[in-house]
Structures are given as structure tokens and as C-alpha cells.
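Please look through the sequence and the model that follow, and keep both in view while reading. The report takes a few places one after another and describes each of them in turn.

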Amino acid sequence: MANLNMAEQAMSESVEMYLVMTALLRKAPDQPVPLSVLASRLGVSQVSANEMCHRLQERGLLCYQPYRGVTLTPDGEEWAQRILSRRRMWVIFLVENLGIDPAEADALACQLEHITSERLDAALKAFLERDPATRINAEATPQPLAACTAGTHGVITTIDAEPAATAFLSRQGLAPGATIEVLAVSDDQSVLVQTGEHQLALAPALAARVMVAVPAADRRAAWRRCSAFWACVRGETHECPPVG
């Protein structure tokens, strides 16, 4: 970056909030956010917002257009997306690992995003990118596959079946550590599951011997509830953890 060294440039929480709020309020990356709207959402006077926006323009973070509003410069965009990426990761972590309601997690993430160091940011991203088998909520109690409903996603923990049956399931991709989705449950309680490219119907007796750990919350649903979700440039993710 030519005009801004983000490793050296001091960035206060107040400045971060102006950049983040500009990203959240816009309807398109190049559409100005009216100064009155920005000031109202930040809870400051228009005079204060005007002064701050002019200072941020001097720093190369915002572009102020009289009577139209403000847009993010490329440097400002990168800063805003870096902060919002942290918010998204905190929302997922709080919901998925601590069982916190998505709305409350979003409010907490708004605070945590400003005090997240580069080291913590990297550690959090690495944690969320771990294999699904190791990131299941620690408090999730494994349940028989036979007790799962259609639409359930989970990770197989154990299979307590005869060796021949266990070997057969393994060849179909159903083994401890495998991520599965329950596609359907028939009237006789047979279970149709998918793992990878394989689909397999299991009789009730066999499905009862397959234990599945189900996350406390759906990652994609939690991410979509995050207020930063729609602020990504062109609707794309920006250094965010996988949501699939």
C-alpha cells in the first residue's frame, strides 16, 4: 500500500468506527453515505462528523463529497474489511463454541473487534479453520444417527457395529471424523445420509449404532446474522473463515 502502512499507522477505536460504519451503511462500495446518516448512527453531531471525515480524508482513508457524503478509499476499505473480518470471526466463535445467541454475539463482537491484536486475529482464524471434526462444540453430546432429523449436519464420533458393517460404512465414507448430512428419514426410521459425494440409506438398527456430534449452532446461519455479513465488498468474503 503506497499511502498507508497498516502495521505502523495508529488507528483509534473512534476512527475504526467511522470506517466500519461507512462500510455498513452504504448500499454499494462506490455509493456515498450521507454525513447526516453517518453522524446519527455514530451518535455524534454533524459538526463532529464533518471534522472527523475531513481528518480521515487527509489521512487517505475517506473521500468526502460535499452534499453527497463519504466513501472509503482503497486504504480505508482495507482497514474496514480487516475490522469487519474480525467481527465475523468473533460472531462465529461465540455462537459455535460458547452457545451465545447470534444477536448477543454480534453485539459482543462489535466490542471485541477493536481490541483484537494481529496475533489473536491469526490464532482465531486458525482455530476456526480447523477440521470440522475438531471444532465441534465441546459441550455437544453425541447422539445416535437414528435420532437425527432431516437437515441435521454433524460429525461421526463412533460406530459401534459389527466389523463387517463398520468396514462397509467406511468404504462409503462413513467413519469417525466424517462430516455428514441427514437428507431424509423414512416412515420406518431408515436414514438417508450424505458424506462427500456418497449417499447411503441406513436401516434403523444400524443408524442407531452410529453416534453423531451436532454443533450447537449452524455456522452459516450465525454468519448471516452478523451485522458485518453484508458489508463485504461486492458481497464477497474478505479473509473470513469458511462458512460451508
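Between which two strands does the loop that holds Gln189 lie? Gln189 has its place in the loop between β5 (179-185) and β6 (191-195), where helices (H or I, at least four residues) and strands (E, at least two) are DSSP runs, numbered from the N terminus.

## About the model

This is a predicted model, in which local features need pLDDT of at least 70 and side-chain atom pairs count only at pLDDT 80 or more, while totals for chains, interfaces and linings use all residues. Residues are numbered from 1 along each chain as its sequence is written, and side-chain values use heavy atoms, with hydrogens and water left out.

## The chain as a whole

The secondary structure of the protein chain comes to nine helices and eight strands. Of its 244 residues, 42% count as buried; here buried means under 20% relative accessible area, exposed means over 50%, and partly exposed means in between (1.4 Å probe, protein chains only).

Contacts, meaning heavy atoms within 4.5 Å, can also be sorted by distance along the sequence. Among the contacts between residues at least 6 apart in sequence, 65% join residues at least 24 apart.

## Two residues with positive phi

Most residues other than glycine have a negative phi. Gln189, although it is not a glycine, has a positive phi of about 75°, and with a relative accessible area of 39% this residue is partly exposed.

Tyr67 is another residue other than glycine with a positive value, its phi being near 70°. Tyr67 is placed in the loop between β1 (62-65) and β2, and because its relative accessibility is 87%, Tyr67 counts as exposed.

## Around Thr73

Thr73 lies in the loop between β2 (69-72) and α4 (74-98), and it counts as buried because its relative accessible area is 15%. Leaving aside neighbours within four places in sequence, Thr73 is in contact with Gly60, Leu61, Leu62 and Cys63.

Pro29 is 44 residues from Thr73 in sequence, and the two are 9.8 Å apart in space, C-alpha to C-alpha.

## Cysteines

A disulfide is a covalent bond between the sulfur atoms of two cysteines. With the cut-off that the sulfur atoms of the pair be within 2.5 Å, the structure holds zero disulfides. Cys63 counts as partly exposed, at 34% relative accessibility, whereas Cys148 counts as buried, at 3%.

## Where α1 meets α3

The axes of helix α1 (residues 13-25) and helix α3 (residues 46-58) come within 11 Å and cross at roughly 90°. Axes are lines fitted to C-alpha atoms, for helices over the stretch in contact, and angles run from 0 to 180 degrees between N-to-C directions. The two helices, α1 and α3, are therefore roughly perpendicular to each other, a term for angles of 65 to 115 degrees, while those under 35 count as roughly parallel, those over 145 as roughly antiparallel and the rest as oblique.

On the α1 side the contact is made by Ser14, Val15, Tyr18 and Leu19, and on the α3 side by Ser48, Ala49, Met52, Cys53 and Leu56. By class, the contact of α1 with α3 has seven nonpolar, two polar and no charged residues, where Ala, Val, Leu, Ile, Met, Phe, Trp, Tyr, Cys and Pro count as nonpolar, Asp, Glu, Lys and Arg as charged, and the others, Gly among them, as polar.

## Three further places

Ser45 lies in the loop between α2 (35-42) and α3, and with a relative accessible area of 38% this serine is partly exposed. Gln111 is found in helix α5 (residues 102-112) and is exposed, with a relative accessible area of 53%; the C-alpha atoms of Gln111 and Arg87, 24 residues apart along the chain, are separated by 8.6 Å.

His198 lies in strand β7 (residues 198-202) and counts as partly exposed, at 37% relative accessibility. Not counting residues up to four places away in sequence, His198 touches Gln172 and Val193.
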